[in-house]
Amino acid sequence: MAQHVSEGRIREMIEAVAAFTATPGRGTTRLTYSAQHRAALDYLAGRMQEAGLSTRIDSVGNLVGRLEGADPSLAPVLVGSHIDSVPNGGAFDGPAGVVAAIETAFCMQQLGVTPRRPLEVIAMIEEEGGRFGGGLLGSRILTGQLGPEALAPMCDSEGVSLGEAMAGFGLALQEAGAAAIPEGGIHAFLELHIEQGPVLEQTGDAVGIVTSIVALSQLEVRITGAAGHAGTTPMAGRRDALVAAAGVIAELPGLCAAVDPRAVVTVGQIDVHPGGANVIPEAAIFSVDVRADRVGTVDEIKSALRTRLASLEAVGYAVGTEELLAVPETPMSEEIRGALIAAAEDCGFAWRPMPSGAGHDAMVLSKIAPVGLIFVPSRDGVSHTPEEWTDYDQLARGVEVVFRATRALTA
Ligand SMILES: [Zn+2]
């Protein structure tokens, strides 16, 4: 098969964007509405224009490039990802998908293709939540889930409000709602992203074609026992909340595997009260993050956890759980998956169907349009560090699949 995409140009664009960092030599730090964000948008807008796209920046700072379709009245196919990074992150998380979209436009131009549907290429803001927290801000604004009222209270760690940061970027908070895409306003959304996990590297597949983004639940568990002096309270009869919590936490992986071996569970935070070295812990509060293919599986794991916690009540502890976040699985569009699979097969690339364990802009945009998500390998499965890496030939294979699928979807 003839490869249409240019590995050299892909590399050039990734390296150029990576250079717009607030922490040179210590990875990519490109926070939303920063000088580095501005420089990246200026650069990318130039590349989009070179690829034959007309460019605009929407009311919240998402950069959009458009290749007009033979029938301009049709809803466009939108392709892209986010341009912000976590602090001291890598060069690929986000930009890989933006560059894939721009390279797709370059290929259309080189082949002289005028698509029937318009093609739009997008570099979205604040997916990581690196500046204002929460994350997925650009896509949540595009889908109309966040307007000026919801955005106004948001502040960065220096106390700069989102509105002030927008004003510094030449944007007005009050206009934020104008960025929302109406229902039916896009025909499809396609995103390429690095896998951020080890599966493709281990299996040797060129690309992963995502079946669905996993269902997830984040719980806060509070176990309350009784405080006491570490020296004068005998071991017998203690109700040490941390010992009880440690027992539950240690059992979680087994409990999760018993429900579904592919499900994952993580305790990433724990607080102990009162927190003195010579005081028996009265309360232990910890997070539980559960993810699985289906919300039913997540529910089963949660109920197994609750049963285990209830056993503590029988021995004198008080137990409470609060669900802070619950998101059902997001299935990817059959039509777009079909286009991605056909493109990978045409290229002779090994591909595998796989779930996405992380949320992405595609998850949010699925509320207004059919979406597709394709993964390229991540070396050692790492991301959000300067060591994040995808070989350029691997990235080029993913971009080739995106180009071919986009060509089919816009035809
Ligand atoms: Zn990302």
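This is a short tour of the structure above, one selection at a time.

**Before you start.** The model is predicted: local features need pLDDT of at least 70, side-chain atom pairs count only at pLDDT 80 or more, and totals for chains, interfaces and linings use all residues. Residues are numbered from 1 along each chain as its sequence is written.

**Select everything.** With secondary structure colouring on, you have twelve helices and 16 strands to look through; these are DSSP runs numbered from the N terminus, with helices being H or I of at least four residues and strands E of at least two. The radius of gyration is 24 Å, close to the 22 Å of the globule rule for 411 residues, so the protein is as compact as a globular protein of that length. Here the radius is taken over C-alpha atoms, and the rule is 2.2 Å times the number of residues to the power 0.38. Along the principal axes, the C-alpha atoms fill a box of roughly 80 × 45 × 40 Å.

**Colour by domain.** Select 7-213 + 330-410 for domain 1 and 215-327 for domain 2; these bounds come from an automatic or database domain assignment. Taken over C-alpha atoms, the two centres are 37 Å apart.

**Go to helices α8 and α9.** Pick residues 241-259 (α8) and 295-313 (α9), whose axes come within 10 Å and cross at roughly 145°. The axes are lines fitted to C-alpha atoms over the stretch in contact, with angles from 0 to 180 degrees between N-to-C directions. Show side chains for the residues that make the contact, among them Val 248 and Leu 255 of α8 and Ile 301 and Leu 305 of α9. Contact means C-beta atoms, placed from the backbone, within 7 Å.

**Now the largest nonpolar core.** Which of its 119 residues touch the most other members? Select Ile 102, Ala 105, Ile 374 and Val 402. Helix α3 (residues 95-111) gives the most to this core, with ten residues. Such a core is a set of buried Ala, Val, Leu, Ile, Met, Phe, Trp, Tyr and Cys residues joined through C-beta atoms within 7 Å. Around Ala 105, look for contacts including Met 48, Leu 53, Leu 67 and Val 121.

**Last stop, Ala 188.** You will find Ala 188 in strand β5 (residues 188-194). Ala 188 counts as buried because it has 23 C-beta neighbours inside 10 Å; the cut-offs are 20 or more for buried, 12 or fewer for exposed, and partly exposed in between.

Conventions:
Two residues are in contact if their C-beta atoms, placed from the backbone, lie within 7 Å. Lists of a residue's contacts leave out its neighbours within four places in sequence.
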